[in-house]
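The following paragraphs are intended as a guided reading of the model displayed below. Please keep the sequence and the coordinates in view while reading.

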Amino acid sequence: MEKRLTSSNNRPREDSWLKSLFVRKVDPRKDAHSNLLAKKETSSLYKLQFHNVKPECLEAYNKICQEVLPKIHEDKHYPCTLVGTWNTWYGEQDQAVHLWRYEGGYPALTEVMNKLRENQEFVEFRNARSNMLLSRKNQLLLEFSFWNEPIPRSGPNIYELRSYQLRPGTMIEWGNYWARAIRFRQDGNEAVGGFFSQIGQLYMVHHLWAYKDLQSREDIRNAAWHKHGWEELVYYTVPLIQEMESRIMIPLKTSPLQ
């Protein structure tokens, strides 16, 4: 009888110990991840567009983009700016990439969309563009608080868009490590902007870099490995990644990022 009572008393403790092996304890947060990671002094929202163009249409596609997109960028009627527009050089071929900023967040995005529906030139542009595309997708992004603000720069430069699909639940951890890592990559002014997705493919991070050419990219990236602390930060961030992709992009002539 005594033995049976002892076993019964220990069972809740054993069950609790077993549960602790499989249940991850999460500290309660009182704020959204986006509010913890994004810039506080700005309410800008970014849209990243990927357009896969029919190979025979790429030249015509670039031509109409360079005619229409700068007009929207320069028109104060629209609370948005064109940050950069590129063709992918290495990576997916016959691809265009556009990055827009909406000052004022989601209300600004909605305002621009509504006004463009009434813009006959843009409606004609969109119809002509649709006949040139194989596929398209976009994401809405916020910028990391510790990254540079993407501002126009002179060229010539090539741009690298490094895209990371993170494991769900690791965005805060990624931000904590890169808040320290970014200081290793600012000597040559190559850091353009860092963003994380809000709508579209989630747990996506995009880092945008500018280099004079491919050899400069190689030299700058190799130099980072000689800086004390860089290797450790890479070691801890790699396990957070599910997939990663690198695009080398060439800006169009009308891109503010040259």
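The chain has a mean pLDDT of 88, and 84% of its residues reach 70 or more; pLDDT is the predictor's confidence in each residue, from 0 to 100. Over residues 1–8 the pLDDT is below 50, and beyond near neighbours in sequence this stretch has zero contacts in the model, a contact being heavy atoms within 4.5 Å. Residues 16–30 also stay under 50, and the model gives them two contacts beyond four places in sequence. Where pLDDT is low, the predicted coordinates should not be read in detail.

This is a predicted model, in which local features need pLDDT of at least 70 and side-chain atom pairs count only at pLDDT 80 or more, whereas totals for chains, interfaces and linings use all residues. Residues are numbered from 1 along each chain as its sequence is written, and side-chain values use heavy atoms, with hydrogens and water left out.

Eight strands form a closed barrel in the order β1-β3-β2-β8-β5-β7-β6-β4, with antiparallel pairing. Neighbouring strands of this sheet are turned by 35° against each other on average, direction ignored. Strands (E, at least two residues) and helices (H or I, at least four) are DSSP runs, numbered from the N terminus, and two strands pair if DSSP finds at least two bridges between them. Strands of a sheet pair through backbone hydrogen bonds, either parallel or antiparallel.

Strand β1 (45–53) pairs with β3 in the antiparallel sense over eight bridges, and the bridge partner of F50 in β3 is V97. Eight bridges also join β1 to β4, again antiparallel; here N52 stands opposite S135. Nine of the nine residues of β1 are buried, so this strand is largely enclosed by the rest of the structure; buried means under 20% relative accessible area with a 1.4 Å probe, protein chains only. L45, K47, Q49, H51 and V53 point one way from β1, and Y46, L48, F50 and N52 the other way.

Helix α5 (residues 120–130) has F122, V123, F125 and R129 as its buried residues. Seen down the axis of α5, these residues fall within an arc of 160°, so they line one face of the helix; the arc is that of the directions from the helix axis to the C-beta atoms. Their cover includes β1, α3 (58–74), α4 (106–117) and β4 (133–143).

Technical notes:
Buried means under 20% relative accessible area, exposed over 50%, partly exposed in between (1.4 Å probe, protein chains only). Axes are lines fitted to C-alpha atoms, for helices over the stretch in contact, and angles run from 0 to 180 degrees between N-to-C directions.
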